[in-house]
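Have a look at the sequence and the model below.

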Amino acid sequence: MTTTSPQVPPASSGTPVLGPITHVALTVRDIDVSAPWYAALIGSDPVLDEDTGPFRHAVFAVGGTLLGLHSFPEGIDELPFSPRRLGVDHVAFAAADRAELVAWERRLTDLVVPHCGIVDAHYGSALSFKDPDGLPLEVFCPPGT
């Protein structure tokens with residue numbers, strides 16, 4: 001199978017530019033389990049928690065981004081997460097520097113959230129962990145901070 005990349009025209013004064021990511025929405029198995037877990041992790045309650053009919057969502061303010069949790073009354077496809085499946089690989093939250101990353105490592109340990117410890121690489125340092133549904137999350141800081 002051959003795929004082609006779209007041709008990107010040169011930018012002009014009328015070309016819109018994508019802004020920052022405003023929100024990320026994650027589908028969870030049981031929002032009554034996940035919402036309190038995320039509230040403890042984030043350190044605040046959701047800014048919105050409503051049942052729209054087709055789905056229920058709880059939304060957290062995380063810096064300048066919203067993090068939404070969605071659950072569906074009819075349930076979800078019970079396939080285990082795989083980073084090799086088409087879709088999101090993981091969600092990363094920013095840490096200002098490695099000292100803040102170390103503080104997050106202690107916080108996750110205090111919350112009894114299993115994690116792999118801090119991993120340093122040439123592109124930055126990361127602390128990876130999973131939510132109650134096994135969705136991969138991390139706290140990340142750039143190199144040399």
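## Before we start

This is a predicted model, so local features need pLDDT of at least 70, side-chain atom pairs count only at pLDDT 80 or more, and totals for chains, interfaces and linings use all residues. Residues are numbered from 1 along each chain as its sequence is written, and side-chain values use heavy atoms, with hydrogens and water left out.

## The four-stranded sheet

Let's begin with the strands. Helices (H or I, at least four residues) and strands (E, at least two) are DSSP runs, numbered from the N terminus. Two strands pair if DSSP finds at least two bridges between them. Four strands make an open sheet with mixed pairing, in the order E1-E4-E3-E2. At the edges sit E1 (23-27) and E2 (48-51), each pairing on one side only. From one strand to the next, the twist averages 15 degrees.

Now zoom in on E4. With E1, the pairing is parallel, over five bridges: Ala-25 stands opposite Gly-68, and Thr-27 has His-70 as its bridge partner.

## A helix across the strands

Helix H1 lies across E1, E3 and E4, and runs at about 5 degrees to E3. For that angle, axes are lines fitted to C-alpha atoms, for helices over the stretch in contact, and angles run from 0 to 180 degrees between N-to-C directions.

Ser-34 is a residue of H1, and it counts as buried because its relative accessible area is 1%. Apart from neighbours within four places in sequence, Ser-34 is in contact (heavy atoms within 4.5 Å) with Val-28, Leu-69, Pro-132 and Asp-133.

## The nonpolar core

In soluble globular proteins, nonpolar side chains tend to be buried together. A nonpolar core is a set of buried Ala, Val, Leu, Ile, Met, Phe, Trp, Tyr and Cys residues joined through side-chain atoms within 4.5 Å. The largest one here has 25 residues, and those touching the most other members are Leu-26, Trp-37, Tyr-38, Leu-69, Leu-101, Phe-129 and Leu-137. Elements giving two or more residues to this core include H1 (31-42), E4 (65-71) and H2 (98-110). H1 gives the largest share, six residues.

Which residues does Leu-101 contact, leaving aside its neighbours within four places in sequence? They are Ala-95, Ile-118, Ser-125, Ala-126, Leu-127, Val-139, Phe-140 and Cys-141.

Cys-116 is partly exposed, at 49% relative accessible area, whereas Cys-141 is buried, at 1% relative accessibility.

Technical notes. Buried < 20%, exposed > 50% of the residue type's maximum accessible area, 1.4 Å probe, protein only.
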